[in-house]
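Subject: Structure handover

Hello,

Here is the structure for your files. Notes on what was found in it follow below.

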Amino acid sequence: MSFTAMMATRKEALSLYRDILRTARNFPWPHESGRPWRDVLVESARAEFEQARELTDTNETMRRIVVGRHCLDEAAKQFESKRLEILAQQKRDGSGPDGPSGAGTARR
């Protein structure tokens, strides 16, 4: 692997890892083991990245980065879809931040 290709691959991998860490912050609820999902996701991502550290095949490394990015994007889409669904339900029920109680006067 050329130095330039290696640096580009490393940059992409680090970018993906940072994005995983940022996205994991959105998952505070408990996993079936009782630990927060964010901790489970970060631990799993770290294990995957550590396992891939020794890869020398550029194509395999890039394939894993592409698959990882796709999985992260899908998880983010599903999370956002569910979040919007919950907000819509709360608005219909009157239990959201703009509900009749006036308890959650969020500024926008």
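Is Glu85 buried, partly exposed or exposed? At 45% relative accessibility, Glu85 counts as partly exposed, where buried means under 20% relative accessible area, exposed over 50%, and partly exposed in between (1.4 Å probe, protein chains only).

This is a predicted model, in which local features need pLDDT of at least 70, side-chain atom pairs count only at pLDDT 80 or more, and totals for chains, interfaces and linings use all residues. Residues are numbered from 1 along each chain as its sequence is written, and side-chain values use heavy atoms, with hydrogens and water left out.

Salt bridges

The structure holds 10 salt bridges, each being a side-chain nitrogen of Lys or Arg within 4 Å of a carboxyl oxygen of Asp or Glu. One of them joins Glu85 to Lys82 (3.2 Å, N to O). Lys82 is also partly exposed, at 43%. Elsewhere, salt bridges with shared partners link Asp19, Arg22 and Arg69 into one network.

Helix α3 spans residues 58-93 and also holds Glu60 and Arg63, three residues apart. Their side chains form a salt bridge at 2.9 Å, N to O. Arg63 is partly exposed, with 44% relative accessibility.

Another salt bridge pairs Glu43 with Arg35 (3.0 Å, N to O). Glu43 is partly exposed at 49%, and Arg35 is partly exposed at 34%.

Regards

Methods: Helix = DSSP H or I, 4+ residues; strand = E, 2+ residues; numbered from the N terminus.
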